[in-house]
Amino acid sequence: MRASQKRALRQKALRWGRLAVQVAFFIALPSLFSAGFNGFKYLFTSMGTAAPIEATSFLLTLAVLLGVTIVLGRVFCGFACAFGTLGDVLHGLFSFAWSKTPLPPLVFPDKLVRALSLVKYAVLVLIGIACFAGVWAAVSSDSPWVAFAGILSGQVEGINVAAFVILGLLCVGMMVRERFFCQFFCPLGALFSLMPALGPVGFTRNPARCPANCGRCRKSCPVGIWPDADTPLHGECIACGRCAAVCPLDNVSPLCVGARRREDAAFVARRTPARAFALMAAGLGLSVALTAGAALGAVGSYEPVEFDPAAYEPPAVPVVDLQTRDLPEERGGVATLELTMPRQALEGTLKDGTYTGAALCGAGNDEDWQPYYILVDVEVRKGRIQGITDIRGDAEGAVDRAYRYDAAENSLYLDRAVEGTGGRFSKGALDQIEAFIESGEEQGGVDTVSGSTYSVVSIVQAYNRAVSDAVEQSGR
């Protein structure tokens, strides 16, 4: 097989292999971007209010993403980010359609690219200031990231139209230029771009071995940079590996400690400018500040959340007893909510229909928590409860007061409460309640899900109120 054929086969394998990984992450973990972004916002919000920093799942996600980026470069951006995958698909479809026209390719001038590349740092700083000053909650409904998270979770209530308009404009940009959002506007991209310079891995080349007037690596790069690990622009690299795949001389390879070619090492040592060291120092300082701050805050200030049944109103009809009992330590402090099936349901005398119950989620959390309603639809057919048809977050669940539902910040907790975490003792509330309904038993229980205790309790309470409504409308 000739070298050109091998290179073509390598490029094809990389393209489809990377796409498979991206799709897998998009399906299995679409909220990683939102979770990391929420961790950043939570950290600065807590610092602004001098509130204790808890080891929330958002903060831990951010810490893990930062650690991975420091060690392996921006592999998250290149392989796992749902927003990046969306951009790649949009650009791929647009490029295919555009290639069928006689129009020339759309190219951004280098000066414009350099200028736009700085915008993401301004976005990162502005969001950090807004969170620190406590005003982010007032403007987050206009955020395209909130709109994107809302679309993924199927919860778009409470999100302003402006957020979807901005998201649409970004999608247009991603169609026209590959990685438009990632390179120009992504706040996490700005944060991650400071990290790869510290790590032992990064795609690089030896320019002395490059053929004249080649430039295939830069032309194939999604962000249009040279694979030079010794320059400040290397922070833009998303570790996709295209540069290595297209190089005709295999002159581009990951720069690994202990496996670095001597000529590459000498080249890097000889050509590293002072501004690269400054960037590395800035990245190191920011990384240490964020990860150490999160760790120290978690160790020094974290207090386990204790479920207090008294914080919740009893239902109109007492078909659920909201009392808990302590469980063995190996169950992670999980509590069980006891369920009771109403007599009418057991006798099959309930009035058929779909009944909706609402419960306020947020009681017992810290003062920065934005409460919202959880709504549960329960179907009654042939006089008996058949199951739950929908569980959703909403800004309004009662006529007396409206709360704000933030899809980006609340959906992760709600989804985990509904679906569980996959652990041995982490079955979701939906499966547990439906298993109780199918059992035909008079008594049952629902275990809370670690990290989403209040969401599970609110789901149980909303379910209870839906059943209470069914009982009332059936004449008890």
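**View 1. The hairpin of β6 and β7, with Lys382 between its strands.** In this predicted model, the hairpin has 2 residues between strands β6 and β7, and Lys382 takes a positive phi near 55 degrees there. Strand β6 covers residues 372-381 and strand β7 covers residues 384-394, and the two pair in the antiparallel sense over 9 bridges. Strands are DSSP runs of E with at least two residues, numbered from the N terminus, and two of them pair if DSSP finds at least two bridges between them. Tyr373 has Asp394 in β7 as its bridge partner.

**View 2. The ring pair of Phe180 and Phe185.** The structure holds 13 aromatic pairs. In the pair of Phe180 and Phe185, the ring centres are 5.5 Å apart and the planes stand at 50 degrees, so the pair is tilted. Rings of Phe, Tyr and Trp (its six-membered ring) pair if their centres lie within 6.5 Å, and planes under 30 degrees apart count as stacked, over 60 as edge-to-face and the rest as tilted. Phe180 counts as buried because its relative accessibility is 11%, whereas Phe185, at 22%, counts as partly exposed. Buried means under 20% relative accessible area, exposed over 50%, and partly exposed in between (1.4 Å probe, protein chains only).

**View 3. A cluster of linked rings.** Phe33, Phe37, Phe83, Trp136, Phe148 and Phe181 are linked into a cluster by ring pairs.

**Notes to the views.** Residues are numbered from 1 along each chain as its sequence is written, and side-chain values use heavy atoms, with hydrogens and water left out. In this predicted model, local features need pLDDT of at least 70 and side-chain atom pairs count only at pLDDT 80 or more, while totals for chains, interfaces and linings use all residues.

Methods: Helices (H or I, at least four residues) and strands (E, at least two) are DSSP runs, numbered from the N terminus.
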